[in-house]
Amino acid sequence: MDIWGFGIIAVGLALVVSALLAAALRAGRAQAQPTASYDVQVYRDQLAEVDRDLARGTIAAEDAARVRTEVSRRILAADKDARLADNKGGRGSVALAVVLGMLLLAGSGVLYWQLGALGYADRGLKTRIELAAERRAERPTQTQAEAGQPQQPLAQEDNADYAALIEQLRATVAQRADDLQGHILLAQTEARLGNFSQAAKAQAVVLRLKGDAVTTADLITQAELLIFAAGGYVSPEAEDALRRALNIDDTDGSARFYWGEMLIQTGRPDLGFRIWDALLRAGPADAPWMAPIRDRMPELADLAGVQGYTLPESDTLRGPSQQDMNNAASMTPQERMQMIEGMVASLSDRLATEGGPASEWARLITALSVLGRLDDARAVLDNARATFDDDQTALDILTSAAEQAELE
């Protein structure tokens with residue numbers, strides 16, 4: 001609804017309400033007769049009493065005439081006062097109704113100024129959903145999103161010998177398009193340096209070479225690398241990786257978190273709210289996605305049209321804050337790695353104390369290898385295998401993660 005439509009409706013409603021108020025006030029005054037009207041009735045009763053006294057002979061004719069004259073004079077005066085009071089009351093009712101109507105108009109204008117959007121046409125639910133679908137289909141690609149990020153030089157290792165090995169790795173992998181282990185190592189190395197765009201390119205080759213053997217952890221790693229490279233934006237390419245991951249395991253918390261973020265970014269906060277609210281209630285309390293969700297849920301509830309939303313009770317949460325996520329685009333590679341290390345530490349602590357599915361153990365193993373903490377990754381692998389020694393499906397997931405991390 002534009003400003004003119006809103007104005008017409010607001011004025012119309014104000015006039016209707018003002019008319020109803022004026023009618024109610026006038027009706028109330030008509031029921032509550034003024035004092036002067038009572039005086040008129042009393043004087044008329046006195047005249048009738050004088051006539052009765054004269055008929056009974058209890059009063060002389062001269063006295064009766066004198067009383068009639070005095071009472072008649074009082075009746076005229078009281079009647080005049082009653083008419084004046086009635087006119088004044090009517091004008092007061094109209095004036096009060098006008099004032100109330102003006103207040104209604106002013107209040108409507110203030111409310112529209114605070115909550116409305118000047119010049120923005122009203123859109124029904126169906127139209128908004130269609131526009132959100134168009135926005136999602138036409139949003140920037142990964143390449144466009146990365147091009148809009150602040151330009152930063154490719155991060156390099158400070159150690160000269162190790163830097164030479166990295167350059168050699170890059171050159172070797174570039175000549176071996178089908179070297180799976182080489183591309184896995186390159187993706188991990190570039191991610192550790194904070195070169196997320198280059199890491200995503202290497203991880204894309206890993207996905208291609210693995211084919212049907214690709215795991216949920218592989219796909220989420222790719223999605224995260226693309227999202228970090230785009231400064232927190234979930235591109236169509238990242239969406240595709242997330243969709244494939246959810247097709248394999250639709251309960252994975254990280255994939256669902258990023259899928260909800262994608263929906264929010266593309267104009268469907270209602271769907272994003274449902275996903276995040278379910279994650280928030282499912283826990284665990286210290287999952288790395290819990291803190292960002294809790295920070296944003298009150299605002300997201302308003303966008304989704306959920307009234308009176310209350311965050312569920314939770315224990316102390318660990319993990320990156322929403323402010324950290326918002327600043328991801330401007331972080332240096334070292335700062336981004338610190339944030340990733342915080343997420344890894346949170347996941348590691350939770351799995352050590354509360355346990356979790358094999359997919360999360362696999363993600364921890366992969367993340368530790370990306371950070372170059374291979375000894376820690378091996379220790380986690382041994383612990384996980386001992387935990388799932390009677391679950392062959394879980395062991396296969398762990399073996400795949402170990403192979404990707406080059407622990408075997």
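Which helix is N383 found in? That would be α17, which covers residues 374-387. Keep in mind that you're looking at a predicted model.

- N383 has a relative accessibility of 39%, so it counts as partly exposed; the cut-offs here are under 20% for buried and over 50% for exposed.
- Look back 22 residues along the chain from N383 and you'll land on W361, with 9.3 Å between the two C-alpha atoms.

**How α16 and α17 pack**
- Helix α16 runs over residues 358-370, and its axis comes within 8 Å of the α17 axis.
- The two axes cross at roughly 165°, and since angles over 145 degrees count as roughly antiparallel, α16 and α17 are therefore roughly antiparallel to each other.
- As for handedness, the crossing of α16 and α17 is left-handed.
- On the α16 side, W361, L364, I365, L368 and S369 make the contact.

**A look at α7**
- Helix α7 takes in residues 180-193, which makes 14 residues.
- From first C-alpha to last, α7 reaches 20 Å, close to the 20 Å expected at 1.5 Å a residue.
- Most of α7 is covered, with 10 of its 14 residues buried.
- Among the buried residues of α7 are G182, H183, I184, L186 and E190.

Notes: Residues numbered from 1 in each chain as written. Predicted model: local features only at pLDDT ≥ 70, side-chain atom pairs only at ≥ 80, totals over all residues. Heavy atoms only, no water. Helix = DSSP H or I, 4+ residues; strand = E, 2+ residues; numbered from the N terminus. Buried < 20%, exposed > 50% of the residue type's maximum accessible area, 1.4 Å probe, protein only. Axes fitted to C-alpha atoms, helices over the stretch in contact; angles between N-to-C directions. Parallel < 35°, antiparallel > 145°, perpendicular 65-115°, else oblique. Left-handed = near helix turned anticlockwise from the far one by under 90°. Contact = heavy atoms within 4.5 Å. Expected span 1.5 Å × (residues − 1).
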